[in-house]
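Colleague: Could you take me through this model and tell me what stands behind each label you use?

Modeller: Gladly; here it is.

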Amino acid sequence: MQKYILKRILYMLPVLLGVAFLVFAILALTPGDPGSIILGITAKQEDIAALNAQFGYDKPFLIRFFNYIRDLVLHFDLGTSYSRRQPVVNDIIARFPNTLRLALMSMALSAFIGVSLGILSAVRQYTTLDHVLVVVALVFASIPGFWLALMLLMFFSLHLKWLPSFGADTFKHFILPTVTVSLTSAAGLLRLTRASMLETVRQEYIRTARAKGAGEKVIIWRHALRNALIPVITTMGTSFGASLGGAIIAETVFAMPGMGTLLTTAIRQKDVPVVMGATLFLALLFSLVVLVVDILYAFIDPRIRAKYENGGRSRE
Amino acid sequence: MNKQRSRRRMQVAEFWRRFCKNRTAVIGLCIMALILFIVIFADVITPYSRCITQVGSERLQGPSRAHFFGTDEYGRDLFARVIHGSRYSLFIGVATSLMALVIGSVLGASAGYFGGVIDNAIMRVVDVFMCVPPILLSLAVVAALGTNLRNLIIAMTISCIPGNVRLIRSVVLTVAEQDYVEAAKSYGTGNGRIIFRYVIPNAIAPIVVNTTMMISDMILSAAGLSFIGMGIQPPAPEWGSLLSNAQTYLFAAPYMLIFPGIFIVITSLAFNLVGDGLTDALDPKLKD
């Protein structure tokens, strides 16, 4: 098992290098150089060239990429923001806590709502309650996050004046963004939990449990739920990525100083180092979460652990 | 040959019967037909000129008989803009999903079927793409290429391919492991014949379901990207950019937010409902 974990951690390095190269290459296609972005197109040609040289922008693409990775690995230096002229690391340190808080709160809320209602829906399959829950989940899965955000903002901030409409200072500021992000992903989790529960209930071992006369409660809580939650837990890892994506939109609507607003403004200002740094940071975070979930998954399910230890091609 | 054809027809009839048993799925299909009708006959319902005519005296007017959905800050008829906006949303949703499906199928099927070096090469690149949240990837591509309809479609397709590759690879792997494929191989059937005769027909159900749901997702993403100004640019009446406008007039003109949003939700919901119905109708395990 340790060997597997170590292998996975080592494998993250080339993947992250790949992400860095991917984003660097995409951004290299973006028109404009740092000199003319900072000084404006009316500046003198020599000044622009001098500034470009200062940023190392006069060198060819691969050298620039190599230098970027070298600074990152040796000095943890993500470069300097074009627009603010200060280290990108400072931006990330200032913005990240808000996004993390939003993503974690949303994940907790959506897991709570999604899993509990999913179980309820599966246990009461074909009742009115089940039908209503399934349809409501589908409706929420079809609502664009930003629209839900604006509707909530209009209702709770503008009309009822219960909650603030922008900023990230107090807990109250986080309520509407959290609800926005979590309602959409709770819908997905509800559907998944329900499907997984129904699938599990059809298994042989549940029939065995019934045959030996176990009560319905024991069957659901002891036998079915533990198996049914396995795919749900794996999805939580990827849904963290979705929470990050949702956070980008929610932050824009609620004007929260987080990674999402940092990124969207940086993209608009063509502030390449900020975009690079923020994207790499989010990718690192995302792959760490997926890794932790995968390891947890192996601990929960001995079948998976055996498969990992024997190597072999996995289905996923 | 004739026998085969009649068997195929029976399968389709059986599938249709099971699909129709799901009432919500049929409702979804009806909504889909209605939206398709709006897209095709948008010009008949209301002329495009109404989308762009600016009437200074009729700015930010609430819904009335003259303007069903009210007017925007330039006095343009919101009903006409929403109706014609359906063309953008549906076109982007379907186009990106189909492109991502085709490219994803070729890559995923090659990875799953051939395995080895090909599998490794494709899947390692997919791993890299999967590390970046889709919306971020789309944003970066749009930033690099510039904001217009074509680039939006390219960006969204790229962000959608990795997930497709993974899904199709896993489906193909499941089918390729079945005994009937082994049997076909044992009497010397060629790769091409195995792929078209066995793998594709057996893999089609999950892929159809996934594509339907993907269209719904893409409609939402396109609206989201336009909303933050990285998609279709105003004055085009795309639903996302209509909502982006509405943001400024939340208090004075809430209807500007409500109507386009309802259209997005209904369209996306229709595809989700149909996808759900297809899942049940195509799943042999649920056969009664």
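Colleague: Why is A:Ala255 called partly exposed?

Modeller: A:Ala255 has 13 C-beta neighbours inside 10 Å. A residue is buried if 20 or more other C-beta atoms lie within 10 Å of its own, exposed if 12 or fewer, and partly exposed in between, with C-beta atoms placed from the backbone. A count of 13 falls in between, so A:Ala255 is partly exposed. Before we go on: this is a predicted model, where local features need pLDDT of at least 70 and side-chain atom pairs count only at pLDDT 80 or more, while totals for chains, interfaces and linings use all residues. Residues are numbered from 1 along each chain as its sequence is written, and chains are lettered from A and ligands numbered from 1 in the order in which they are written.

Colleague: Where is A:Ala255 found, and what is its phi?

Modeller: A:Ala255 sits in the loop between α10 and α11 of chain A. Its phi is positive, about 45°, although A:Ala255 is not a glycine.

Colleague: What makes A:Lys270 buried?

Modeller: A:Lys270 has 20 other C-beta atoms within 10 Å, and 20 or more is what the label asks for, so A:Lys270 is buried. A:Lys270 lies in the loop between α11 and α12 of chain A. Here too phi is positive, about 55°, in a residue that is not a glycine.

Colleague: And A:Gly241, buried or exposed?

Modeller: A:Gly241 counts as buried, because it has 24 C-beta neighbours inside 10 Å. A:Gly241 belongs to helix α10 (residues 216-253) of chain A. Leaving aside neighbours within four places in sequence, A:Gly241 is in contact with A:Phe286 and B:Pro133; contact means that the two C-beta atoms, placed from the backbone, lie within 7 Å.

Colleague: How many helices and strands are there in each chain?

Modeller: Chain A has 13 helices and zero strands, and chain B has twelve helices and zero strands. Helices (H or I, at least four residues) and strands (E, at least two) are DSSP runs, numbered from the N terminus. Of the 316 residues of chain A, 37% count as buried; of the 288 residues of chain B, 45% do. The C-alpha trace of chain A spans about 85 × 60 × 30 Å along its principal axes, and the C-alpha atoms of chain B fill a box of roughly 80 × 45 × 30 Å.

Colleague: Which residues of α1(A) are buried, and what covers them?

Modeller: The buried residues in α1(A) are A:Val19, A:Ala20, A:Val23, A:Phe24, A:Ile26 and A:Leu27. Their cover includes α4 (61-75) and α12 of chain A, together with α6 (116-130) and α7 of chain B. From chain B, B:Ala140 touches A:Val23, A:Ile26, A:Leu27, A:Val275 and A:Thr279, not counting residues up to four places away in sequence.

Colleague: How many residues of the two chains are in contact?

Modeller: 40 residues of chain A are in contact with 37 residues of chain B. On chain A, α1 (2-28), α6 (128-141), α7 (145-159), α10, α11 (259-268) and α12 (272-300) each supply at least two residues of that side. By class, this side of chain A has 28 nonpolar, ten polar and two charged residues. Ala, Val, Leu, Ile, Met, Phe, Trp, Tyr, Cys and Pro count as nonpolar, Asp, Glu, Lys and Arg as charged, and the others, Gly among them, as polar.

Colleague: Which helix does α7(B) come within 8 Å of?

Modeller: The axes of α7 (residues 134-145) and α8 (residues 149-176) of chain B come within 8 Å and cross at roughly 145°. Axes are lines fitted to C-alpha atoms, for helices over the stretch in contact, and angles run from 0 to 180 degrees between N-to-C directions. The contact of α7(B) with α8(B) has eleven nonpolar, three polar and no charged residues.
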